Amino acid sequence: METRFNMFDNEVAVKFAKRFANAGLVIQQSPLPASTQELVSLRASQINGCGWCIDMHTKEAAAAGETSVRLNLVAAWRESTVFTEAERAALALAEEGTRLGDAHPGVSDETWAQVRKHYDDDQIAALVALVALINAANRLAVIVHQKGGSYEPGMFAAAFH
């Protein structure tokens with residue numbers, strides 16, 4: 001399957017992407033740990049089957065010092081010992097906030113309580129916004145069949161900032 005439409009080669013799409021990237025910048029500059037941001041983005045992208053975003057977030061995380069062990073275990077975070085309680089709460093929120101269409105009841109009270117336990121209000125605001133933003137990014141890339149494999153760390157930021 002070839003890419004259906006080049007979102008980086010269309011004036012309207014590029015204008016949108018710049019604004020989208022600016023929204024992401026708010027999250028990047030928040031007090032939510034960068035490693036948590038990448039893990040959450042990776043997990044939502046795995047669920048949504050977004051090769052472009054999986055490629056981007058694994059490479060960005062690795063470039064920022066994330067270990068291959070942790071990156072390889074994100075899909076099975078419940079069955080691993082390498083994530084903190086706070087990261088586990090964020091990953092649960094990412095999954096529950098992503099699987100809304102899978103007859104999931106939304107974010108459970110248990111997950112929300114864990115998020116409240118480990119994050120302050122500014123971090124929670126960033127985390128909720130991140131889950132929404134990465135799901136939107138996944139949908140954009142999957143709709144146009146943007147393929148993973150060619151991303152280089154820093155590429156997205158360089159293109160839109």
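Student: Is the crossing of α1 and α7 left-handed or right-handed?

Tutor: In this predicted model, the axes of helix α1 (residues 11-28) and α7 come within 9 Å and cross at roughly 150°. Angles over 145 degrees count as roughly antiparallel, so α1 is roughly antiparallel to α7. The handedness of the crossing of α1 and α7 is left-handed.

Student: Which residues of α7 make the contact with α1?

Tutor: From α1, the contact is made by F16, F20, A23, G24 and I27. Their partners in α7 are A126, A129, L130, L133, A136, A137 and L140.

Student: How do the residues of the contact of α1 with α7 divide into nonpolar, polar and charged?

Tutor: Gly counts as polar, and G24 of α1 takes part in the contact. The residues of the contact of α1 with α7 divide into 11 nonpolar, one polar and no charged.

Student: A126 is one of the α7 residues in that contact. Is A126 buried or exposed?

Tutor: A126 is found in helix α7 and touches I27, S30 and L32, leaving aside residues up to four places away in sequence. Its relative accessible area is 6%. Buried means under 20%, so A126 is buried.

Student: How many Å apart in space are A126 and P33, C-alpha to C-alpha?

Tutor: In sequence, A126 and P33 are 93 residues apart. In space, the C-alpha to C-alpha distance of A126 and P33 is 10.0 Å.

Student: A136 also belongs to the contact with α1. What is the relative accessible area of A136?

Tutor: The place of A136 is in helix α7. A136 and R19 are 117 residues apart in sequence and 13 Å apart in space, C-alpha to C-alpha. A136 is partly exposed, because its relative accessible area is 30%.

Student: At what angle do the axes of α5 and α7 cross, and what word describes how they lie to each other?

Tutor: The axes of helix α5 (residues 85-98) and helix α7 (residues 121-144) come within 10 Å and cross at roughly 50°. The crossing of α5 and α7 is right-handed.

Student: Which residues of α7 does α5 meet, and how many of the residues in the contact are charged?

Tutor: On the α5 side are A90, L93, A94, G97 and T98, and on the α7 side L127, V131, N135 and R139. The residues of the contact of α5 with α7 divide into five nonpolar, three polar and one charged.

Student: Which residues of α6 meet α7, and how do the residues of the contact divide?

Tutor: W112, V115, R116 and H118 in α6 meet D121, Q123, I124, L127 and V128 in α7. The residues of the contact of α6 with α7 divide into five nonpolar, two polar and two charged.

Student: What is the phi of H145?

Tutor: H145 lies in the loop between α7 and α8 (155-160). At 12% relative accessibility, H145 counts as buried. Most residues other than glycine have a negative phi. H145 is not a glycine, yet its phi is positive, at about 60°.

Student: How far apart in space are H145 and K59, C-alpha to C-alpha?

Tutor: H145 and K59 are separated by 86 residues in sequence. Their C-alpha to C-alpha distance in space is 19 Å.

Student: What radius of gyration does the protein chain have?

Tutor: The protein chain has eight helices and zero strands, and its C-alpha atoms fill a box of roughly 45 × 30 × 30 Å along the principal axes. With 161 residues, a compact globule would have a radius of gyration near 15 Å. The protein chain agrees with that, at 15 Å.

Student: What percentage of the contacts between residues at least 6 apart in sequence join residues at least 24 apart?

Tutor: Buried residues make up 40% of the 161 residues in the protein chain. Among contacts between residues at least 6 apart in sequence, the share joining residues at least 24 apart is 71%.

Technical notes
Residues are numbered from 1 along each chain as its sequence is written. This is a predicted model: local features need pLDDT of at least 70, side-chain atom pairs count only at pLDDT 80 or more; totals for chains, interfaces and linings use all residues. Side-chain values use heavy atoms; hydrogens and water are left out. Axes are lines fitted to C-alpha atoms, for helices over the stretch in contact, and angles run from 0 to 180 degrees between N-to-C directions. Helices (H or I, at least four residues) and strands (E, at least two) are DSSP runs, numbered from the N terminus. A crossing is left-handed if the near helix is turned anticlockwise from the far one by less than a right angle, and right-handed if clockwise. Contact means heavy atoms within 4.5 Å. The radius of gyration is taken over C-alpha atoms; the globule rule is 2.2 Å times the number of residues to the power 0.38. Buried means under 20% relative accessible area, exposed over 50%, partly exposed in between (1.4 Å probe, protein chains only). Angles under 35 degrees count as roughly parallel, over 145 as roughly antiparallel, 65 to 115 as roughly perpendicular and the rest as oblique.
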